[in-house]
Amino acid sequence: MEGKLSPGHKLSPTKKSVSFGQTVYSVSEETNKGTTVGNLAKDLNLDIKDLAIRGFQIVSGPNKRYFDVNIGTGILQTKERIDRDEICGRSTKCTLELEAIANSPLAMYRFDVNILDINDNPPIFPATTEYLNISELALPGERFTLPRANDADVGSNSVKSYKLQTNEHFSLDVQNGEENVSPELVLQKSLDREKQSSMPLILTAFDGGKPPRSGTLKIIVDVEDINDNIPVFTKQLYKARVSENAPKGTSVITVHATDLDEGLNGDIIYSFVNRDHSKTIDAFAIAAETGAITVKGDIDHETDRAIEIRVQAKDKSLKPRAGYCKVLVEILDINDNVPELSLTSLLSTVNEDAKVGTMVGLITVKDEDTGPNGAVNLKILGSVPFKIENTYKNKYSLLLNGPLDRENVLQYDVTVTATDEGTPPLSSSTVITLNVADVNDNAPRFPDPIINMYVKENSQIGSVIYKASAVDLDVDDNAKISYALLEGMTRSFPVTSAININADSGEIYALQSFNYEEIKTFQFQIVAKDSGAPSLSSNATVNVFILDENDNSPSILPPYSEHGSVNSENIPYSAEAGYFVGKIRAVDADSGYNALLSYHISEPKGNNLFRIGTSNGEIRTKRRMSDNDLKTHPLVILASDHGEPSLSATVSIDVVVVDSSSDIQTQFKHVPRKDDTFSDMNLYLLIAIASVSVIFLLSLVSLIAVKCHRTDNSFSDYNPPMITTHPDGTWSYSKSTQQYDVCFSSDTLKSDVVVFPTPFPPADAELISINGGDTYNRTQTLPNTEKVRVKTCSCVYGLTLMVVP
């Protein structure tokens, strides 16, 4: 690979090397944009196809501006012109540290790029002209320090040699130092001011580039008379040590020079020579009379580890002469820098299902001190599921070291402390906030898997009858719950035709008005499902109980309910108190208190001749007749239920008083007779009686057979029905506490069937009513487990009627 240089320069190849596991590239400065530096994908063993997918890129930093990675090829290229002199100054080594990062999994790669110097700067002297005053008494061999040329380049491209214009009096001596070469003018032949008072010379500085570049300095030598001795230092090189941050006035070293002249020509004044205009020596001061060097300003080991000072000893002659020496001051390090922590890359959130060992952040530690003062140790304070591992030099990785659960801990504040090994040690800390990202690991949950809800019958269509509510411990979409009904049938209708649920709010709506007399309870399931990927769900079973409303008025049973009939009853004048006049029978399709009926005489209110049984509806006389009583007594009977509000039905009966019992006729004498000799009512009645009789006989035979043949093991759980006789000659058939009374009138012409529900039927009870025309109508369905006891009343046919569920 070759790096491109600016026009006019020879191309120099880039280099790649590996040092302690680190990839190092080299590229020359001033190369054109797009110059290939190296193949990162190949050197880092990365698949080129995965670079774009994993988001491979150079981590942001001060050096990112100079380089870029071609995702398609994995080639590292220059992004803009690189000026080594601007970046690294006079440093002999210019290395840019870079980091690249890839995701899925998160990985970090580090590599260095050495910026190679090219000879793009010529040597430059501090001034264009240098004036030297040299006495004519100067002896051959006397030396005169000349300004050094500065070259922004380093290494072989820096200043390597000087050349003096050819003349007969002076030669050039170049002294090679540790970092610089210093030119000195050497007198070869004594000067004669009378022959030549001024002498111009040209000094040329050359660097080591190929081809070399140069810079010139014009030297004007003024020849002076007298003062022919120069001050001479006891040493040409002094060495001293001082700690950084030493207080002002701290003594560093004292230099000493002597001058063989006498008087002013032998009196010496010391001073610093700063021909390079360096600011580093501003931190020191020298006593002009004694040569004692002390601390004047701030000195910092991290800025300069050693400072070179050139000291001049000059006499006080009108034409002074000077001698020079060097003082090398070593700055000793103290532990005055606190370790600095910086996050070069950090995941703001970590999934709660992340695996142990997952990298969540990259930490860079920097301590400007050296040695033990700059050796830093990192640790995490407190108990958190994270740990720190050193990856390279001052680079550390923050890794997951335990399981996470967002539902228990939403956020971790990880305190990382960096402590150096100085005496006393210095430390700093930073708090890294890591949020735990939710994953869908919690299914929605209902407060109870079985929900009981109660709905009044005749409720308004579209009304909200219940609001389902499930809780999901997750957040955002993972906790966004939608509700739905599970498809299914409940007895005679599909659930979705009766109810619907709002998928967002969980509100359950009634799509129809429920009738307690048709259905008392049904069951369905709802499902709560979150929006996670994959989604989780849970079910709940909903039991719906229909509450009875008092929406059915009592119905008067025949014969008083026949349309167009004249309701009348005859009683003899001689009737005693308590004489039976008639019986009002009514049924109510509701249940419970809504079907519990009571009977009252509504009109005339002041009548004291008749009374009615509140519960049985029997009309009887309260006393004997008197001559003052009317012959016809119109009564209005009110049958009321106990609902809220109460509903009622009325029937009018005319009670006629006759002189003797022989004149009493049946109440149907006023009823219009049908032409048919055999009415529908009689047909239904006969069919019912025959059916019930057959069922009764079969039941009786089965009961006897069971009692005779059953064993304790096979029928241990069987509860046989009970048939009970009563003093009035009736039988009862019982399978539960629910009871219906079915009776026939003792009057042949008034024969009918009356069914009386118990005052407090269970929720699933069955009511049997008789519609007009003496037909049976089942208004509610009894469950199979419900047991019914039916009382039968004797009738004129001499049969016993049993109703078996």
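Colleague: Which residue lies over the face of Tyr516?
Modeller: Lys520 does, at 5.2 Å from the ring centre. A charge sits over a ring if NZ of Lys or CZ of Arg is within 6 Å of the ring centre and within 35 degrees of the ring normal.

Colleague: What should I know about the source?
Modeller: This is a predicted model, in which local features need pLDDT of at least 70, side-chain atom pairs count only at pLDDT 80 or more, and totals for chains, interfaces and linings use all residues. Residues are numbered from 1 along each chain as its sequence is written, and side-chain values use heavy atoms, with hydrogens and water left out.

Colleague: How many aromatic pairs are there?
Modeller: The count comes to 10 aromatic pairs. Rings of Phe, Tyr and Trp (its six-membered ring) pair if their centres lie within 6.5 Å; planes under 30 degrees apart count as stacked, over 60 as edge-to-face and the rest as tilted. One of the pairs is Tyr454 with Phe545, which is stacked at 5.3 Å centre to centre with 20° between the planes.

Colleague: Why does that pair tie together separate parts of the sequence?
Modeller: Because Tyr454 lies in strand E35 (residues 450-456) and Phe545 in strand E43 (residues 537-547), the pair joins parts that are 91 residues apart in sequence. Helices (H or I, at least four residues) and strands (E, at least two) are DSSP runs, numbered from the N terminus.

Colleague: And what about Phe514 and Phe522?
Modeller: Phe514 and Phe522 form a tilted pair, 5.5 Å centre to centre and with 35° between the planes. Together with Phe524 they form one aromatic cluster.

Colleague: Are Phe514 and Phe522 buried or exposed?
Modeller: Both Phe514 and Phe522 are buried. Buried means under 20% relative accessible area, exposed over 50%, and partly exposed in between (1.4 Å probe, protein chains only).

Colleague: Which strand does E7 join?
Modeller: E7 runs antiparallel to strand E8 (residues 75-78), with 4 bridges between them. Two strands pair if DSSP finds at least two bridges between them. Leu76 in E8 is the bridge partner of Val69. The two strands form a hairpin with 4 residues between them, and Gly74 in the turn has a positive phi of about 80°.

Colleague: How many salt bridges are there?
Modeller: The count is 17 salt bridges, each being a side-chain nitrogen of Lys or Arg within 4 Å of a carboxyl oxygen of Asp or Glu. Among them is Arg81 with Glu30, whose closest N and O atoms are 2.7 Å apart. That pair links distant parts of the chain, 51 residues apart: Arg81 is in the loop between E8 and helix H3 (84-88), and Glu30 in the loop between strand E4 (22-28) and strand E5 (36-39).

Colleague: Why does Glu30 count as buried?
Modeller: Because Glu30 has a relative accessible area of 12%. Arg81, in contrast, is partly exposed at 46%.

Colleague: What is the distance for Arg241 and Glu330?
Modeller: The closest N and O atoms of Arg241 and Glu330 are 3.0 Å apart in this salt bridge. Arg241 is in strand E19 (residues 237-243) and Glu330 in strand E26 (residues 322-332), 89 residues apart.
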